[in-house]
Amino acid sequence: MIPEIGHFALILALLIALLQGVLPIVGAARGIGPWMDLARPAAKAQAMFVTLAFGCLMWSFYVSDFSVQNVASNSNSLLPWYYKLSATWGSHEGSILLWTLMLAWWTSLVAFFSRHLPREMVARVIGTLGLVSAGFILFTLTTSDPFDRLFPAAPEGRDLNPLLQDPGMIFHPPMLYMGYVGFAVPFAFAIAALMGGRLDAAWARWTRPWTTMAWVFLTLGIALGSWWAYYELGWGGWWFWDPVENASFMPWLTGTALVHSLAVTEKRGSFKTWTVLLAIITFSMSLLGTFLVRSGVLTSVHAFATDPERGVFILGFLIFVIGSSLLLFAWRAPKVGLGGKFANVSRESMLLMNNVLLVVAMGAVFLGTMYPLFLDAIAGTKISVGPPYFDAVFAPLMAPLVFLMGVGPLSRWKEAKIPDLATRLRWAAVVAVVTAVLVPVVLGRWSWIVSGGLLLAFWIVASAVVNVREHIRNVRGSLLTRLASQPRAFWGMNLAHLGVAIFIIGVTLVKGYETERDVRMAVGDVVSVGGFTFKFEGVQEVQGPNYVAARGTFDVSKNGRFIEKLYPEKRSYLSNRAMPMTEAAIDSSIIGDIYVSLGEPVGGDAWTVRAYYKPFVTWIWWGCVAMALGGLVALSDRRYRFARRREASAAKAAVTA
Amino acid sequence: MWRYLAPLAAFLVLAGFLYVGLGLNPREVPSPLVDKPAPAFELAKLAQPDQTFSRDDMKGKVWMLNVWASWCTACREEHPLLVDIARQGTVPIVGLNYKDKPEAAKQWLAQWGDPYKLSVQDPVGRTGIEYGVYGVPETFVIDKNGVIRFKQIGPITPKVWQEKMLPLIRQLEQA
């Protein structure tokens, strides 16, 4: 009964979404007030029904209702309750429903927090989101119904993929989807602006917080996924340039570009058409990512049973959404005008370079991801593009970007002078170079790669310090009041940039100083990695709720002093004995991770063992956290609240007049 | 006006590629085993564990080797098609029961139907390794001389069966 309620709720949501997509937009075009006012209540009602549908599916998973096909193939009665719940989005059907849910929530957030916007704008934004939502619900209902029944009911479920039975996987998909889908909001604002012909600084100010919010979620979602791959896959890597990872990284790159170009459009009125195009591209990348992951065009971990019908549906939808947006863009953008002029050296020009570099980087990732497909379609040759390509292309693009990250924030709008910038930043440059040369010496081994990476990181930090000093120089009072005098947006930017520096330090030091040993070890054997000594004490069998594990014991010591015991596991899940899972044992600290994982038994009491020392590896994820926090701090800036109040009263005045 | 149409044009080209891409199979990696003799094996039968069965028992016949397991969900997807093929008697299918427990495997066959001439047990997956199996299910078409002529990775779809495997089997039987 519950699954049927869910199914019915989803059908109702589809009808409401269609209503929400058509009437307000037509109303805005024809000036029919009541039709426009339908947008908000429709958005809220749709969110309610999608939430109800999702809740019903979750309930079916919670009570292990194996008469539902989706539950029977992705859950098991032995699963702990939290994995039963997270299994809701462990399958194709469930994750598409999660997509729809996130979209419905974002839309209702827009409905709640848009009191200060003009009536037409609200109608068009919510209407556009309604159309996107209708497409996705239709996709769910026609090709990926999560509520399909199984007759006769299965006695036991097939179980959730053991790889996904992990705390990281509970939070990673919702976070990632919040980000992915969140870019639908700036997209809808862009479409609304093109429809209404209103593209100005106010539009950019309305779009900015939504973009930043989506960007924060996407950053955290990607970081969580990378962290999960690091500790769960047992190879100690943190990024593999897998098509699915790339699918989430491409919208992040263009989204980052969008965050910056919106700043220019808001402050200076420039880049208007570019910003609109970027908003469309970013959401298109989200849609394309969904297509790549869900259609099976590219080989990925998620794609053993793919259905061409689904691919055709998403592709058709993609062509409709992206094609019509770009057509609208081609039609309306020429009338927008160019906005404020700026010189060749100015904050605008640097942010333009930032955008070019980020978009080119996205293009490089895109090409690497799609090249196997292009080549197969043209020449019928099968190849795969791996990390060597991406590493080679990516670093040269990021280096100038990081250089600009130091200069840009100190440059003046409109026109900046190179000699002036050079004088202000010379100490930052000296400090960065000196530390970058010295630190690798202190760490024990000097190399160009490490030194170069550190140079970039220290450059960001040093130039940010210069920037802060200049900002508070003319403020009176104690240091604290002087620091507090700066707006939150300023601190948010600096924190996010600092996050990039932390991230670069992590990547550089891991690449430069990690030590890895893959060895065969019998009981009593000793291996030494990165100054640590690992002694293999043997393997015991342990029983988990739905698995049995071989648990190894390792004594770790340094310079003869005992540090700790580590217990890596090799788990064999009851439902899928053919696919044993590796649970690495990691002792994580701020200066580095000690990482041990069990490979395979190799006769007698011997095992293959991977022992790694990964210096500063957690800085990679802490850097992402700092970037996301920077976004949150910027979001809390008071000018958004004031502007909203001012516009709300202006809107009210307009109504009464 | 024209330069504003560039993004749309670029997107349409991309969409064309994606459409073609849908018809291609990224996992169709040409197997090094195709047109090579099928690796020899001699394994215990699932139904009578005291008897063995070897590759050479099928000499002179066109046959299919289907790698399956009771724990494999995708196998259940292709299973009705296999049962159908067996009922029509088109080609004998030998099952390689891969990394499975005999009781679970027998129960699975009892529940979903047994399309196999017989199944052999490969409990640790050694024969699977020799056949280059990297996912279950996989299916090999083997000719009268014991040479592998086709390999399907993943479930056999009705389309692949009708367009590739069935014509190939007909042709091999005439040879």
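Into which domains is chain A divided? In this predicted model, chain A splits into domain 1 (1-165), domain 2 (171-315 + 337-413), domain 3 (417-504 + 623-657) and domain 4 (515-615).

Let's start with how two of these domains meet. On one side, 19 residues of domain 2 of chain A are in contact with 24 residues of domain 3 of chain A. Two helices of chain A, H10 (201-232) and H15 (387-407), each put at least two residues into the side of domain 2 that touches domain 3. H10(A) gives the most to that side, with 9 residues. Sorted by class, the side of domain 2 of chain A that touches domain 3 of chain A comes out at 14 nonpolar, 4 polar and 1 charged residues.

| Helix pair | Axis separation | Angle |
|---|---|---|
| H3(A) (residues 39-62) and H7(A) (residues 119-143) | within 9 Å | roughly 30 degrees |
| H19(A) (residues 488-513) and H20(A) (residues 619-635) | 7 Å | about 170 degrees |

Take H3 and H7 to begin with. Their axes come within 9 Å and cross at roughly 30 degrees, which makes H3(A) roughly parallel to H7(A). As for handedness, H3(A) passes H7(A) in a left-handed crossing. Who does the touching? From H3(A) it's A:Ala39, A:Arg40, A:Ala42, A:Ala43 and A:Gln46, and from H7(A) it's A:Val122, A:Ala123, A:Ile126, A:Gly127, A:Gly130 and A:Ser133. By class, that contact of H3(A) with H7(A) has 6 nonpolar, 4 polar and 1 charged residues.

H19 and H20 of chain A pack at an angle of about 170 degrees, with their axes 7 Å apart. H19(A) is therefore roughly antiparallel to H20(A). The class breakdown for the contact of H19(A) with H20(A) reads 20 nonpolar, 6 polar and 1 charged residues.

Most residues other than glycine have a negative phi, and most peptide bonds are trans. With that in mind, what is the peptide bond from A:Phe151 to A:Pro152, cis or trans? The bond is cis, with omega near -5 degrees. A:Pro152 sits in the loop between H7 and helix H8 (167-182) of chain A.

Two loop residues in chain A have a phi worth a look. A:Asn559 has phi near 50 degrees, a positive value in a residue other than glycine. You'll find A:Asn559 in the loop between strand S4 (547-558) and strand S5 (561-566) of chain A. Is A:Asn559 buried or exposed? A:Asn559 counts as exposed, because it has 8 C-beta neighbours inside 10 Å.

A:Phe616 also isn't a glycine, and its phi is positive, near 60 degrees. The loop that holds A:Phe616 runs between strand S10 (607-615) and H20 of chain A. A:Phe616 has 23 C-beta neighbours inside 10 Å, so it counts as buried.

Finally, a quick stop in chain B. B:Ala74 lies in helix H2 (residues 73-88) of chain B. B:Ala74 counts as partly exposed because it has 16 C-beta neighbours inside 10 Å. Along the chain, B:Ala74 and B:Ile156 are 82 residues apart, and their C-alpha atoms are separated by 9.8 Å.

Definitions and conventions
Residues are numbered from 1 along each chain as its sequence is written. Chains are lettered from A and ligands numbered from 1 in the order in which they are written. This is a predicted model: local features need pLDDT of at least 70, side-chain atom pairs count only at pLDDT 80 or more; totals for chains, interfaces and linings use all residues. Axes are lines fitted to C-alpha atoms, for helices over the stretch in contact, and angles run from 0 to 180 degrees between N-to-C directions. Helices (H or I, at least four residues) and strands (E, at least two) are DSSP runs, numbered from the N terminus. Angles under 35 degrees count as roughly parallel, over 145 as roughly antiparallel, 65 to 115 as roughly perpendicular and the rest as oblique. A crossing is left-handed if the near helix is turned anticlockwise from the far one by less than a right angle, and right-handed if clockwise. Two residues are in contact if their C-beta atoms, placed from the backbone, lie within 7 Å. Ala, Val, Leu, Ile, Met, Phe, Trp, Tyr, Cys and Pro count as nonpolar, Asp, Glu, Lys and Arg as charged, and the others, Gly among them, as polar. Domain bounds come from an automatic or database domain assignment. A residue is buried if 20 or more other C-beta atoms lie within 10 Å of its own, exposed if 12 or fewer, and partly exposed in between; C-beta atoms are placed from the backbone.
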